Amino acid sequence: MNARINGVNMAYTDDGRGMPIVFVHAFPFGKVMWESQVKGLSEQFRVIAVDLRGHGESDAPIWRYTMEQFADDLNSLLDHLSLTQAVMAGLSMGGYILFAFYRKYAARVKALILADTRAQADTGEGKADRFAMAQLAWKEGPGAIAEAMMPKLLSTASLQGRPDLVERVHSIIAGNRVSGIVGDLMAMEARPDSVPLLKQIARPTLVIVGEHDIGTPPSDARLMAENIPGARLEIIKHAGHLSNLEQPEAFNRAVRGFLSSLRLSPLS
Ligand code: MLT
């Protein structure tokens with residue numbers, strides 16, 4: 001499906017009925033990374049997966065990528081779908097975006113799922129890496145970004161023993177456009193520290209992390225879970241950074257368990 005959102009065409013999928021969950025993807029992926037969640041959760045829930053601007057089947061302009069802009073796009077998508085509230089789930093960059101979303105649109109958040117992400121801003125070294133990655137994308141294209149990122153995305157066991165998964169991850173990244181990749185890098189580099197926000201989050205929250213995540217390790221997940229009042233922490237075994245792709249059943253079980261514990265009534 002497609003909607004005109006804040007001047008760009010935004011693609012999304014919308015499956016199932018019941019409590020709405022909006023899935024927000026990582027850098028530089030797209031809604032396809034949530035296929036197993038769409039399949040596994042849409043029997044019980046209304047599962048919406050978006051291609052953020054710059055990704056997948058959405059437009060990829062060369063201008064205006066900030067965490068706040070991504071949050072505004074999600075807010076406008078909720079308007080388009082006539083949803084007052086939804087469970088908001090983001091992985092890695094998706095989590096960074098949800099912090100921006102919560103700052104601006106907390107009233108629309110029914111519950112939060114923060115997977116393989118972190119609340120801290122980039123360090124000085126991290127910011128320099130964003131610049132280097134943007135130059136790499138510009139000079140050598142998205143395939144080079146896939147090569148550079150791969151070692152940090154999956155557990156060693158999957159990197160060595162699951163060539164199909166490695167190939168799938170590689171092809172999703174390589175299918176991106178340079179404008180979107182560079183836009184994300186600028187947005188991530190400029191994002192504020194969200195650690196002070198954690199204690200103010202007043203929504204049921206599930207923090208998920210792959211036990212072997214080296215990009216946003218379990219220590220980052222613990223920091224979030226310990227500071228967000230009442231948050232629940234789930235560590236996914238045998239998974240690295242892309243825990244939903246690497247261990248989809250365990251990931252879906254964690255989401256189902258969390259949502260059923262909320263006893264939320266279905267929303268429109
Ligand atoms: C992601 O998976 O979204 C990225 O690894 C996040 C980041 O580079 O900080």
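Helices (H or I, at least four residues) and strands (E, at least two) are DSSP runs, numbered from the N terminus. This is a predicted model, where local features need pLDDT of at least 70, side-chain atom pairs count only at pLDDT 80 or more, and totals for chains, interfaces and linings use all residues. Residues are numbered from 1 along each chain as its sequence is written, and side-chain values use heavy atoms, with hydrogens and water left out.

**View 1. Here is the largest pocket, with about 640 Å³ of space.** A pocket is an open set of points on a 1 Å grid over the protein atoms alone, where a 1.4 Å probe fits and protein lies on both sides within 12 Å along at least five of seven lines; lining residues have an atom within 4 Å of a point. Its volume is the space filled by probe spheres set on the points, which are joined across faces, edges and corners. Look for Tyr-96, Arg-118, Arg-130, Lys-152 and Gly-215, the closest to the centre of the 26 lining residues.

**View 2. Now for the helices around the largest pocket.** α4 (124-140), α5 (142-153) and α8 (178-189) each give two or more residues to its lining. α4 gives the most, five residues.

**View 3. This is the second largest pocket, holding about 310 Å³ of space.** Its lining includes Trp-63, Arg-64, Trp-138 and Met-186. Both α4 and α8 hand over two or more residues, and α8 has the largest share with five. By class, you get eight nonpolar residues, three polar and one charged (Ala, Val, Leu, Ile, Met, Phe, Trp, Tyr, Cys and Pro count as nonpolar, Asp, Glu, Lys and Arg as charged, and the others, Gly among them, as polar).
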